[in-house]
Amino acid sequence: MDIAAQLAAIAGGDRAALRGLYDSEAPRLFGIALALLRDRDRAADALHDGFLNIARRAGQFDASRGAAAAWTGAVVRHAALDIARRQGREIPSDDPALGDIPVEAEALTQVAAADDGRRLRDCLLALEESRRRGILLAFVHGLSHAQIAAKLDLPLGTVKAWIRRGLAQLRGCLA
């Protein structure tokens, strides 16, 4: 059963469909939460909160607005961002002596793992490197435009323009 069909079944109260969705999608969704939070316990909490939201809001999924895998990913991403906001985001120092080197998520690999993600991966790879990196930092790693500008040592306006143009290009590619 594909993800969209599972969401429809979950909306109808099918607990087995929820379990099936969890079994098939939890590793990918946990990876999204872990990339944002960089802490396994908090990522597990985000995954839990995300699946509660998926169960509650499955009926709100609209296939005409996007892929089911993207919708579930967004639900878990928002749950992770909520946890980060509530608990305060820890900024790693990049000092190996402190043991807090950030875990770099292999975002393109995670996205490519899903059938729905192949097209997105191809479209992301077609983007100029700067636009792709800005989009991944914003939407996979959960950084704000200001944080991306600081990380890349670029003006805020440049980062906003790259992301805006990159998203427009992605929309055109995925249409």
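Helix α8 passes α9 in a right-handed crossing, a crossing being right-handed if the near helix is turned clockwise from the far one by less than a right angle, and left-handed if anticlockwise. Helices here are DSSP runs (H or I, at least four residues), numbered from the N terminus. The model is predicted: local features need pLDDT of at least 70 and side-chain atom pairs count only at pLDDT 80 or more, whereas totals for chains, interfaces and linings use all residues. Residues are numbered from 1 along each chain as its sequence is written, and side-chain values use heavy atoms, with hydrogens and water left out.

The axes of α8 (residues 145–152) and α9 come within 9 Å and cross at roughly 110 degrees. Axes are lines fitted to C-alpha atoms, for helices over the stretch in contact, and the angles run from 0 to 180 degrees between N-to-C directions. The two helices are therefore roughly perpendicular; the classes are roughly parallel under 35 degrees, roughly antiparallel over 145, roughly perpendicular from 65 to 115, and oblique for the rest. On the α8 side H145, A146, I148 and A149 meet L156, V159, K160 and I163 of α9, where contact means heavy atoms within 4.5 Å.

Helix α8 also packs against α7 (residues 129–139), with axes that come within 10 Å and cross at roughly 130 degrees. That angle makes α7 oblique to α8, and this crossing is right-handed as well. R133, G134, L137 and A138 are the α7 residues that meet I148, K151 and L152 in α8.

Between α8 and α9 is a loop that holds D153. Most residues other than glycine have a negative phi. D153, not a glycine, has a positive phi of about 55 degrees, and it is exposed, at a relative accessible area of 70%. Exposed means over 50% relative accessible area, buried under 20%, and partly exposed in between (1.4 Å probe, protein chains only). In the loop between α2 and α3, R38 also has a positive phi of about 55 degrees without being a glycine. R38 is partly exposed, with a relative accessible area of 28%.

Which residues does L170 touch beyond four places in sequence? They are L120, C123, L124, L127 and I135. L170 sits in α9 (residues 156–174) and is buried, at a relative accessible area of 8%. Its C-alpha atom is 8.9 Å from that of A126, which is 44 residues away along the chain.

The largest nonpolar core has 30 residues, of which L7, L21, L29, L37 and I54 touch the most other members. Such a core is a set of buried Ala, Val, Leu, Ile, Met, Phe, Trp, Tyr and Cys residues joined through side-chain atoms within 4.5 Å. Two or more residues each come from α1 (3–11), α2 (15–37), α3 (40–57) and α4 (68–87), and α2 gives the largest share, 10 residues. Leaving aside neighbours within four places in sequence, I54 is in contact with L7, I10, L21, L29, W71, T72, V75 and V76. Apart from this core lies another, of 16 residues, including L127, L143, I148 and A149.

Last comes confidence. The protein averages a pLDDT of 82, and 83% of the residues score at least 70; pLDDT is the predictor's confidence in each residue, from 0 to 100. Confidence is highest in α1, at a mean of 94, and lowest in α5 (residues 107–112), at 47. Over residues 95–109 pLDDT stays under 50, and the model has 21 contacts beyond four places in sequence for them.
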